[in-house]
Amino acid sequence: MTPGATKQLFIHCGLHKTGTSYLQHVLAVNRDKLARIGVIYPHLADLGFNLRFSDHNHLVSQLMATAGEAAVIRQLLAPIDHIMSLAGVSKVILSAEEFGHLLLRDDLRQPLLAALAGYDLRLVFYLRRQDALKESVFAEVVKGLYYGPIATENHYQYDLLARFTPLLEDLGRDALILRPYNRSLWPQQSIIQDFQHSLCLPLDLVLRAPKKALNVSLPRPLTYLLSRSRTVDQKTRLKHFHRLHQQLFDDPHQCLMPPPARATFQDGFAASNAAFASAVGIDDIAQFLGLDAILEPDWQPLPQPFHAFADRWLD
């Protein structure tokens, strides 16, 4: 690619379930305000796709379909060259949580990074404690084809050391912006302000926030019932029934795993979390990930009627 001189390319890579959809909406609704200070958050149309979404996941899906062919990757990324060449542009921001999946694959990561080698590239990640992330990922995958308990779910790379070691080897520490998905560590407890600070955007820049929460996780009872549903038809009917009778699914808790199971799962990452923190320069990984707080200290099991319903009608 054409060298980007002092212009910076930020790729916001998630991780999944760390407020990514929220930040994408913030970037999209403030696109004109950002452009006035030389910061471009491209429309998908600017990247060659006739689609209207607030994220760039479609670009990632096209990159993942290239099988790592360098020429095709360069062609898909060519519109970024054009945007970077425009007068007054200082930063370009892409945001797609699916970059988190793409970057795990050597056959795609290396040609992608080679194509972006001419830019001052920064990869932005928000990191979340593994037990909470697993609960949220599970609530997503059961919406689709996954059938089974949370204990056997293996759709995600939860090990931070394994996830980031290839990026550290390929890019170095300075190319990674690693932020906590931990409200207590954000300026004014605001992820928008934290994101602005991380991208070195002006501190006096006021970005409009969404009026409502986005991509909210399903209630625990519905997540459980979907996990017990073998067919797409069953899942579709359950989701439709929930939309009509949401009050029947009210539950003050979010976690399906009981505290001992969550503790065992989280403790399994203690050594790799410590090694990861040392590699990237995080002084206190427990504070960074919020491991000093207890998830749902008043946790209670899912009410028995939901188990009985699943036993009778689903499995």
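These legends go with several close-up views of the predicted model.

The model is predicted, with local features kept at pLDDT of at least 70, side-chain atom pairs only at pLDDT 80 or more, and totals for chains, interfaces and linings using all residues. Residue numbers start from 1 along each chain as its sequence is written, and side-chain values use heavy atoms, with hydrogens and water left out.

**View A. Helix α8 alongside helix α13.** Here α8 (residues 160-171) and α13 (residues 270-280) have axes that come within 9 Å and cross at roughly 25 degrees. Axes are lines fitted to C-alpha atoms, for helices over the stretch in contact, with angles from 0 to 180 degrees between N-to-C directions. Helices are DSSP runs of H or I with at least four residues, strands are runs of E with at least two, and both are numbered from the N terminus. That makes α8 and α13 roughly parallel to each other (angles under 35 degrees; over 145 is roughly antiparallel, 65 to 115 roughly perpendicular, the rest oblique). The crossing of α8 past α13 is left-handed, meaning that the near helix is turned anticlockwise from the far one by less than a right angle. On the α8 side, L160, L161, F164 and L168 meet S272, N273, A275, F276, A279 and V280 of α13, where contact means heavy atoms within 4.5 Å. By class, this contact has 8 nonpolar, 2 polar and no charged residues (Ala, Val, Leu, Ile, Met, Phe, Trp, Tyr, Cys and Pro count as nonpolar, Asp, Glu, Lys and Arg as charged, the others, Gly among them, as polar).

**View B. What sits over helix α6.** The buried residues of α6 (residues 106-115) are L108, R109, P111, L112, L113 and A115. Buried is under 20% relative accessible area, exposed over 50%, and partly exposed in between, using a 1.4 Å probe and protein chains only. Their cover includes α3 (57-64), α4 (70-85), α5 (99-102), β4 (120-127) and, back from View A, α8.

**View C. The loop between β1 and α1.** L15 is found in this loop, and a cis peptide bond with omega of about 5 degrees joins G14 to L15. T18 has its place in the loop too, between β1 (8-12) and α1 (20-29). With a relative accessibility of 1%, T18 counts as buried. Skip the neighbours within four places in sequence, and T18 is in contact with Y126, R128, Y181 and I191.

View D. Searching the whole structure turns up 0 disulfides, a disulfide being a pair of cysteine sulfur atoms within 2.5 Å. For C13, the nearest cysteine sulfur is that of C200, 17 Å away. C13 is buried at 0% relative accessible area, while C200 is exposed at 59%. C200 sits in the loop between α9 and α10 (220-227). Most residues other than glycine have a negative phi. C200, though, has a positive phi near 55 degrees. Q188 also has a positive phi, near 55 degrees; Q188 lies in the loop between β5 (176-180) and α9 (191-198) and is exposed at 66% relative accessibility.

**View E. E98 and its contacts.** E98 lies in the loop between β3 (91-95) and α5, partly exposed at 27% relative accessible area. Not counting residues up to four places away in sequence, E98 touches H16, N57 and V60.
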